[in-house]
Structures are given as C-alpha cells and as structure tokens.
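I opened a new structure today and kept notes as I went. Here is what I had on screen.

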Amino acid sequence: MGDLHRRSGAVAESSSRLTRRPLAAVAVLVIALNACGEPPATLGDPALDAGRETYGRVCSTCHGPSGEGVSGPALTDVVETFPECEDHQLWVTLGSMEWENQFGPNYGANDKEITAIMPSFKNVLSEAEIAEVASFERFQFGGLSAAEAVAGCGAD
Ligand code: HEC
C-alpha cells in the first residue's frame, strides 16, 4: 500500500515535469513569433515605408527581395536608366509592352533593349503607390538619399 502511494506520487511528479517543458517551449515560440511579427524599422519616410511594402508584395518576385534581379533585371542602376523619376513611374505604369507600342523597342537613358515582359501596373497600383514604390527603389537600390528619392518622385 505504502509502495503504491509512493509510485503514484512519482508518476504525478514526472507528469508535471512533462507538462512544464512543453510550456517552456511554447513560451520560447511565442517570443520568437513576436520578434518576427514586429514591423521592420522605418526607412525614415512614410512614402518609403509604403513603397517597401508594395515592392515586397508585387515587384520582388521578379526583381528579387534585395533588388538583385530574378526574371527581371537587378535594380542597382535604376537611376542611370531613369535619371528622372517621371520616366521610372511611366515605365511601371505602362509596362514593357505598352512602352514599346508608344516609344519603340528601347527604354531608359542608357537605351536598354526590351527583351522580356514587365507587366503594366496601371490597373493594379494607384499613381501614389507607383510614386512610392519608385521612390523606394531609387533609395534602396539606386543609392539616392531618402529626401532626393521621395521629392524626385513627387511622393512627399
Ligand atoms: C513579372 C515580372 C516583373 C514584375 C512583377 C515586375 N517587373 Fe520590373 N521588370 C521586369 C522585366 C522583365 C524588366 C526588363 C524588361 C526588358 O528588359 O525587356 C523590368 C524592368 C524594370 C525596371 C527597369 C530597370 C532597369 O534599370 O533596366 C524597373 C525600374 C522596374 N522593372 C520596376 C518594377 C516595379 C516598381 C515593379 C513592381 C511594381 C516591377 N518592376 C515588377 C519584370 C517584372
């Protein structure tokens, strides 16, 4: 009888130890998820933050999360291609096919040849969103200062 009591006590103790450990694991997981769920640090301008969100949602599949290029080209020389943000915005609005219809088979100050399809974002993004995403690309990948990028695209 005494033995039985001791044994069931041991079972109760070990099962409470078992429940403590998963709880600790859950606590660690919750902390980790909280860290992931935090919004990324601001880029210092609401237009750039909004542009980053749009870029991640609709442009990064082709241009890469860091603008390194995937099916679309890298965006590191985007400011050389489009010294004026107005042209950058027009390109994004029209896409490569409508650009070619209107201006011929080349684009940009460096006369790049159109060889692949960039979709038109005319019916996907508002003018303000296009200005913001262009500012973000010029700041993040093109190396312009935040102020230059935002003012140049009229996103301020
Ligand atoms: C389906 C793939 C695809 C998506 C999505 C896409 N692009 Fe492109 N983009 C391209 C391709 C392809 C080119 C080059 C066209 C060519 O060479 O014929 C290009 C070229 C560009 C260029 C010119 C860069 C340079 O220096 O030559 C810019 C700027 C640009 N895209 C911005 C954007 C933005 C902003 C978005 C999101 C709103 C976006 N793109 C979404 C495929 C894409």
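**Ground rules.** I am working with a predicted model, where local features need pLDDT of at least 70, side-chain atom pairs count only at pLDDT 80 or more, and totals for chains, interfaces and linings use all residues. Residues are numbered from 1 along each chain as its sequence is written.

**Whole chain.** I looked up the secondary structure of the protein chain and found six helices and two strands. Helices here are DSSP runs of H or I with at least four residues, strands are runs of E with at least two, and both are numbered from the N terminus. I read the order from the N terminus as α-α-α-α-β-β-α-α. The protein chain has 156 residues, and 27% of them count as buried. Buried means 20 or more other C-beta atoms within 10 Å of the residue's own, with C-beta atoms placed from the backbone.

**Around the ligand.** Which residues come nearest to the ligand? I noted Cys59, Cys62, Gly72, Thr81 and Met118, out of 27 residues around the ligand. Near means that the C-beta atom, placed from the backbone, lies within 6 Å. H2 (46–63), H3 (78–81), H4 (85–103) and H5 (127–140) each give two or more residues to this shell. H2 gives the most, with five residues. I sorted the shell into 15 nonpolar, nine polar and three charged residues. Ala, Val, Leu, Ile, Met, Phe, Trp, Tyr, Cys and Pro count as nonpolar, Asp, Glu, Lys and Arg as charged, and the others, Gly among them, as polar.

**The core.** I turned to the largest nonpolar core, which has 27 residues. Such a core is a set of buried Ala, Val, Leu, Ile, Met, Phe, Trp, Tyr and Cys residues joined through C-beta atoms within 7 Å. Trp91, Ile130 and Val133 are among the residues with the most contacts inside this core. H5 supplies the largest share of the core, six residues. I checked Ile130: beyond its neighbours within four places in sequence, Ile130 is in contact with Gln89, Val92, Thr93, Phe121 and Leu125. Contact means C-beta atoms, placed from the backbone, within 7 Å.

**Helix H4.** How many degrees is the kink in H4? I noted about 105 degrees, centred on Gly95. The bend is the angle between axes fitted to the seven residues ending at a residue and the seven starting there. The buried residues of H4 include His88, Trp91 and Trp99. Just after H4, Gly104 takes a positive phi of about 100 degrees.

Conventions:
A residue is buried if 20 or more other C-beta atoms lie within 10 Å of its own, exposed if 12 or fewer, and partly exposed in between; C-beta atoms are placed from the backbone. Two residues are in contact if their C-beta atoms, placed from the backbone, lie within 7 Å.
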